Amino acid sequence: MSRNDDLKLKVPAGSPMRAPGFIFGVATSAFQIEGASDARLPCIWDSFCATPGKIRDHSNGRVACDHLARWHSDLELITSLGLDAYRFSISWPRVMHADGTINRKGVGFYLQLLDSLNERHCKPFVTLYHWDLPQYLQEQGGWPNRDTAFRFRDYVDQITRALGDRVYSYVTLNEPWCSAYLGYETGVHAPGLTDKTLSKKAAHHLLLAHGLGMQVLEQNSPATLNGIVVNLSPSYGATDSAADRAAAVAADTAMNQWYLKPLLQGVYPESLERLPVAERPDIQADDLNLISQPLDFLGVNYYTRAVYKADAAAGFVQVPPAPPLTEMGWEIYPQGLTDMLVSLHEQFDLPPVYVAENGAATADVIVDGMVNDATRIRYFQQHLDALDRALERGVRVAGYFHWSLLDNFEWAEGYAKRFGLVYVDYATQRRTMKQSAHAYAELLRERAAANGGTPAGS
Ligand code: FCB
């Protein structure tokens, strides 16, 4: 392979990914890029950032990528990539007042963004909740309080009316496992609590919020594609021993099936019955019907796999990842994407699937105005190949979104980890397209030309 080939992205001839209907996009989220925190209500991540020791570089989301002020030029970047779609999230505390009425000024930003995306034929995929719960709701108990699911429903009702017909697809929640488990059990994410019981309650109320949200979407926005995005870490045994294989199954049940089964089959895994009564969520009569309403699509995020060994006390423990690793310390394991998609396809009657996030943090530096992120391009290529193998096995994958458009606030890691296709110099807010961005644009140009057209957005 020549050095130049190393900087390219390819999709094999004949792959469904080459067809014009397959959606290629990028993803971002509000708290991670918007900044302008004074112009909205505080959220749980503002409070978490203000708590000493929670964010590795002591940073916060006050400015982030200053996207609210710079959205116009960021949109030019999206356009220049020739993307079919842009997945971003709405900041709940920006668009709703604490009294439950809509904040017209906050909504105005999203209306402009949506209109511009539509003018450029770039499909807007709108995530309604990407972790930035209004702080006043946390003060009333947050996700462990059942009422929060109903407040989410009210917000979805108001925002969908305000956005009208500008949206292509709605995602109710991004990665409820992270909100529940990292937020309320391990405490490494906002609101930073460490309580198993609260975490299980939060998980159930997040799923309920999704169900209530889907009901509103069906009513207010039946023409959009409506679904949810979950993060799944395919689970593997550390060895082939029966004990380690059983540990992997137990971990899969607790982490992945806990969300998939209620959403896709309207039941919780049987292991729910083995939880101490005090740790069980309060599941009311109609909850599972609401949670399992038909989805127009299932979004799955994939970054890495998880490897487990048996543990007498806990049942399973995760073993530290082995190289090759990204800057996050996450193992690069593209086959996990194929395995995850194929196993979903085998276990469930699936709607079309989107890979709603995939990407890598790499050690990017600007040299002579360029960022040569060959490691990211290689990761990207390996995962496109892995996706292609899943398509060959019959999984209906309708699109792929790379995380992320811009380097941004990587939650507990702050700004030190760079996932962007576009480099952000935080001192000047200057954006520089990395080689991976050029490679993505070239792939989309080449695909469009082969399909007899120009890429979307250009
Ligand atoms: C996912 C999140 C996203 C980003 C990536 C790296 O879990 O959805 O916001 O932080 O990880």
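Is W131 buried or exposed? I found that W131 is buried, with a relative accessible area of 6%, where buried means under 20% relative accessible area, exposed over 50% and partly exposed in between, with a 1.4 Å probe and protein chains only.

**Ground rules.** I noted that this is a predicted model, in which local features need pLDDT of at least 70, side-chain atom pairs count only at pLDDT 80 or more, and totals for chains, interfaces and linings use all residues. Residues are numbered from 1 along each chain as its sequence is written, and side-chain values use heavy atoms, with hydrogens and water left out.

**The whole protein.** I counted 15 helices and 13 strands, these being DSSP runs numbered from the N terminus (helices are H or I with at least four residues, strands are E with at least two). The C-alpha atoms fill a box of roughly 60 × 55 × 45 Å along the principal axes. The radius of gyration is 21 Å, which agrees with the value near 23 Å that a compact globule of 458 residues would have; it is taken over C-alpha atoms, and the globule rule is 2.2 Å times the number of residues to the power 0.38. Of the 458 residues, 59% are buried. Among contacts with a separation of 6 or more, 78% come from residues 24 or more positions apart, contact meaning heavy atoms within 4.5 Å.

I placed W131 in the loop between strand 3 (123-129) and helix 7 (135-139), and its phi is near 85°, a positive value in a residue other than glycine. Ring pairs link W131 into a cluster with F31, W45, F48, F409, W411, Y415 and Y426. For such a pair, the rings of Phe, Tyr and Trp (its six-membered ring) must have centres within 6.5 Å, and planes under 30 degrees apart count as stacked, over 60 as edge-to-face and the rest as tilted.

**Aromatic pairs around F380.** By this rule I have 37 aromatic pairs. One of them is F380 with Y400, stacked at 5.4 Å centre to centre with 25° between the planes. F380 lies in helix 14 (residues 374-392) and Y400 in strand 11 (residues 397-403), so this pair ties together parts that are 20 residues apart in sequence. F380 counts as buried at 0% relative accessibility, and Y400 is likewise buried at 0%. F380 also pairs with Y440, and because the ring centres are 4.9 Å apart with planes at 75°, that pair is edge-to-face.

**Charges over rings.** I looked for charged ends above aromatic faces, the rule being NZ of Lys or CZ of Arg within 6 Å of the ring centre and within 35 degrees of the ring normal. K200 lies over the face of W258, at 5.3 Å from the ring centre, and the charged end of R305 sits over the ring of Y333, 3.8 Å from its centre.

Which residues does S59 contact beyond its neighbours within four places in sequence? I listed C49, F409, G414 and Y415. S59 is in the loop between helix 3 (44-49) and helix 4 (67-81) and counts as buried at 12% relative accessibility. A polar contact of 2.5 Å joins the side chains of S59 and D57; the term covers N or O atoms within 3.5 Å, and within protein one must be able to donate a hydrogen and the other to accept it, while residues adjacent in sequence count only if both atoms are side-chain atoms. V395, in the loop between helix 14 and strand 11, is buried at 3% relative accessibility. V395 and V342 are 53 residues apart in sequence, yet their C-alpha atoms are 6.4 Å apart in space.

**Backbone notes.** I marked a cis peptide bond joining P323 and P324, with omega about 5°, and another cis bond from W403 to S404, with omega near 15°. D66, in the loop between helix 3 and helix 4, has a positive phi near 50° and is not glycine.
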